[in-house]
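Colleague: I'm new to this one, so please walk me through it.

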Amino acid sequence: MFGLLEALKGARIKRESMPFSRYVLVYCLRCLARIPSQNALPDMVFTDEHLMRRIGFNAHQMEEGLTQRGASRRAAPRRNLPVDPEAVTKNILKIPVATMRHLFEVASRLVWQALPEVPAEIGVLIDGTLIGCGESAKGAGRPSRSKKVRLKNGLRTITEHFVGFQLVWAYVPQLGLPIAVGFSKAGIDERKFPLPLLLRAERVIKGISRIRWVAIDRGFMSGSLLGGGGSHRKG
């Protein structure tokens, strides 16, 4: 996986103060350690000198930081950090979604090829979730929906507003593994997700296994999915 991660590049980067792969590795450490916030990185990751050296930072950078940009405008004393958490966030966001989708597909195939035993046929579950974010988030969807709720004075129709993104994944319950993911702004028609997910899943397991059945919520069903070719059959 390290070779794949180190090959990632961001788009529209004006200047590089350090190799892009280090931003990626810092973020991966946060995910692996289940650190809930970027703001927790200084105390939970950046203070571990041995760990930071393993991903490419040297002793001078640990003490003095990567650059002194902005030092003249800083009122408070500088906190010794090799890199600012905000810089990690801004650079990670420059990785194109299509690049991340391809990374996941390639990594998934490596995992499936490394499994000691794989069933000849597998079942796939498709599900999704909404990821909320702030009002100012770039590219976020802003769907609204109405629903009826029972109040003290009877049924009322209320409108819910949401700002964020939508994540949909294909999952293999037999093995406990995800096999394909889809991502978009919130509010996109869910029926557009399943067929591309299954096509990507088939590429991941090509020559290894075969999709036997698919379980989806009715919100994902469409004519193109039910009429699709290959191993996708209405059942």
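**Salt bridges and a sheet**

Colleague: What is the relative accessible area of arginine 210?

Modeller: Arginine 210 comes out at 29%, so it counts as partly exposed (buried is under 20%, exposed over 50%, partly exposed in between, with a 1.4 Å probe and protein chains only). This is a predicted model, where local features need pLDDT of at least 70 and side-chain atom pairs 80 or more, while totals for chains, interfaces and linings use all residues. Residues are numbered from 1 along each chain as its sequence is written, and side-chain values use heavy atoms, without hydrogens or water.

Colleague: Which side chain does arginine 210 meet in a salt bridge?

Modeller: The partner is glutamate 121, at 3.3 Å from N to O (a side-chain nitrogen of Lys or Arg within 4 Å of a carboxyl oxygen of Asp or Glu). Arginine 210 sits in strand β6 and glutamate 121 in strand β1, so the pair ties together parts 89 residues apart in sequence (strands are DSSP runs of E, at least two residues; helices are runs of H or I, at least four; both numbered from the N terminus). Glutamate 121 is partly exposed as well, at 36%.

Colleague: How many salt bridges are there?

Modeller: The count comes to five. One of them joins glutamate 105 and arginine 203, at 2.8 Å from N to O. That pair links distant parts of the chain, 98 residues apart: glutamate 105 is in helix α7 and arginine 203 in helix α8 (residues 194-204).

Colleague: Is glutamate 105 buried or exposed?

Modeller: Buried, with a relative accessible area of 18%. Arginine 203 is partly exposed, at 45%.

Colleague: Where else do charges pair up?

Modeller: Arginine 191 forms a salt bridge with aspartate 189, their closest N and O atoms being 2.8 Å apart. Arginine 191 is partly exposed at 44%, and aspartate 189 is partly exposed at 29%. There is also a network, in which salt bridges with shared partners join Glu121, Arg210 and Arg212.

Colleague: Changing topic, what is the strand order in the open sheet?

Modeller: Its four strands run β5-β4-β1-β6, with mixed pairing (two strands pair if DSSP finds at least two bridges between them). β5 and β6 (210-216) are the edge strands, each pairing on one side only.

Colleague: How many bridges join β1 to β4?

Modeller: Eight, and the two strands run antiparallel, with β1 covering residues 121-132. Threonine 129 stands opposite leucine 167 in β4.
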